[in-house]
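Trainee: I have a model open and would like to talk through what holds it together. Could we start with the charged side chains?
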Amino acid sequence: MIVYKTEDELRRLRASGGIVGLVLRELRPLVKAGARTADLDAYAERRTRELGAKPAFKGYRGYPATLCVSVNEEIIHGLPSPRVLREGDVVSIDFGVLYDGFYGDAARTYAVGEVGPVARNLIRTAEASFRRGVERMVEGNRVSDISAAVQSSVEAQGFSVIRSFVGHGIGQALHEEPQVPNFGFPGRGPKIRRGLVLAIEPMIAAGDWEVEILADGWTAVTRDRSLAAHYEETVALTARGTEILSAEDGSGTTDAFWKEQPHA
Ligand code: MF3
Ligand code: CO
């Protein structure tokens, strides 16, 4: 069952998304050569709690951390560790919070220093394909219209879409219906209407789409060890159209405390 959100629920989701966007914005300058992925995680957990929120992932099915930090061929669910980031790494950071009973969830992929042209295009394509998907999140369309738009924009660059993980509805649960695959034929699945809130999250690879899970039980890597990228936002369809609730410029939030945060 899809839970369409009321205006009051959307207000609360804006606050959760605002915290996610704010902390991701603060993390951005910390993603640099020499940083340990565990340091990023510690920063995110401290800020989450300072802002009165709870890390959404920590404890979720036993997940041990606040962030997922996935480097190079790691696609998602990379575990923060003493691993040191190096020039040329491609780093995906996935982050969610629970605040006032509602979840926010978003991910970014960054280059550490200079990376090659394929890595740069892969990172750009993950975000661009997300935007092509959001353009299809309009009243009367169907969920798979989003999926098809993401897929065609990724494949137009010669990259592939990961199939074994999908985006999702989000609200009082981190994962709600509907599932939002990043591939598929248009015109299928539930109708999109006002009050729908989705975590749209293309996960893409420079090579093939097959996935392997490492021995830690979490980290998903490309089977061919090609580079991967991930981009995610919590997006609502409201009376004002699509709103990116987890935007880093705070455009999705109406929450006063967020607006008071100094720009990083
Ligand atoms: N953004 C991911 C998702 O939507 C985060 C889940 S990580 C987990 O599923 F550890 F919580 F599973
Ligand atoms: Co998600």
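This is a predicted model: local features need pLDDT of at least 70, side-chain atom pairs count only at pLDDT 80 or more; totals for chains, interfaces and linings use all residues.

Trainee: Okay, which residue does arginine 28 meet in a salt bridge?

Mentor: The partner of arginine 28 is glutamate 248, with 3.1 Å from N to O. The pair links distant parts of the chain, since arginine 28 sits in the loop between α1 and α2 while glutamate 248 sits in the loop between β15 (241–244) and α5 (256–259), 220 residues apart.

Trainee: And is glutamate 248 buried or exposed?

Mentor: Glutamate 248 is buried, because its relative accessible area of 14% falls under the 20% limit, whereas arginine 28, at 42%, counts as partly exposed.

Trainee: What about lysine 58, which residue does that one form a salt bridge with?

Mentor: Lysine 58 pairs with glutamate 45, and their closest N and O atoms are 2.8 Å apart. Here the link runs from the loop between β1 (54–55) and β2 (67–71), where lysine 58 lies, to helix α2, which carries glutamate 45, and the two are 13 residues apart. Lysine 58 is partly exposed at 37% relative accessible area, while glutamate 45 is buried at 17%.

Trainee: Where do arginine 108 and glutamate 233 sit?

Mentor: Arginine 108 is in strand β5 and glutamate 233 in strand β14 (residues 233–238), 125 residues apart; they form a salt bridge with closest N and O atoms 3.2 Å apart, and both of them are buried. Elsewhere, salt bridges with shared partners join Asp8, Arg11, Arg12 and Asp100 into one network.

Trainee: Switching to the metal, which residues are the protein donors of the cobalt ion (ligand 2)?

Mentor: The donors are Asp105 (OD), His168 (NE2), Glu201 (OE) and Glu232 (OE), at 2.1 to 2.3 Å from the ion, and their spacing in sequence is D-x62-H-x32-E-x30-E. Aspartate 105 belongs to strand β5 (residues 102–111) and glutamate 201 to the loop between β9 (197–200) and β10 (203–205), so this pair ties together parts 96 residues apart in sequence. Aspartate 105 and glutamate 201 are both buried.

Trainee: Last one: at what angle do helix α1 and helix α2 pack?

Mentor: Helix α1 (residues 7–27) and helix α2 (residues 37–50) pack at about 145 degrees with axes 10 Å apart, and the crossing is right-handed. Leu22, Val23, Glu26 and Leu27 of α1 make the contact with Leu40, Tyr43, Ala44 and Arg47 of α2, which by class gives six nonpolar, no polar and two charged residues.

How values were computed
Residues are numbered from 1 along each chain as its sequence is written. Chains are lettered from A and ligands numbered from 1 in the order in which they are written. Side-chain values use heavy atoms; hydrogens and water are left out. Donors are N, O and S atoms within 2.8 Å of the metal (3.2 Å for Na, K and Ca); water is not among the atoms, so sites may look incomplete. Helices (H or I, at least four residues) and strands (E, at least two) are DSSP runs, numbered from the N terminus. Buried means under 20% relative accessible area, exposed over 50%, partly exposed in between (1.4 Å probe, protein chains only). Axes are lines fitted to C-alpha atoms, for helices over the stretch in contact, and angles run from 0 to 180 degrees between N-to-C directions. A crossing is left-handed if the near helix is turned anticlockwise from the far one by less than a right angle, and right-handed if clockwise. Contact means heavy atoms within 4.5 Å. Ala, Val, Leu, Ile, Met, Phe, Trp, Tyr, Cys and Pro count as nonpolar, Asp, Glu, Lys and Arg as charged, and the others, Gly among them, as polar. A salt bridge is a side-chain nitrogen of Lys or Arg within 4 Å of a carboxyl oxygen of Asp or Glu.
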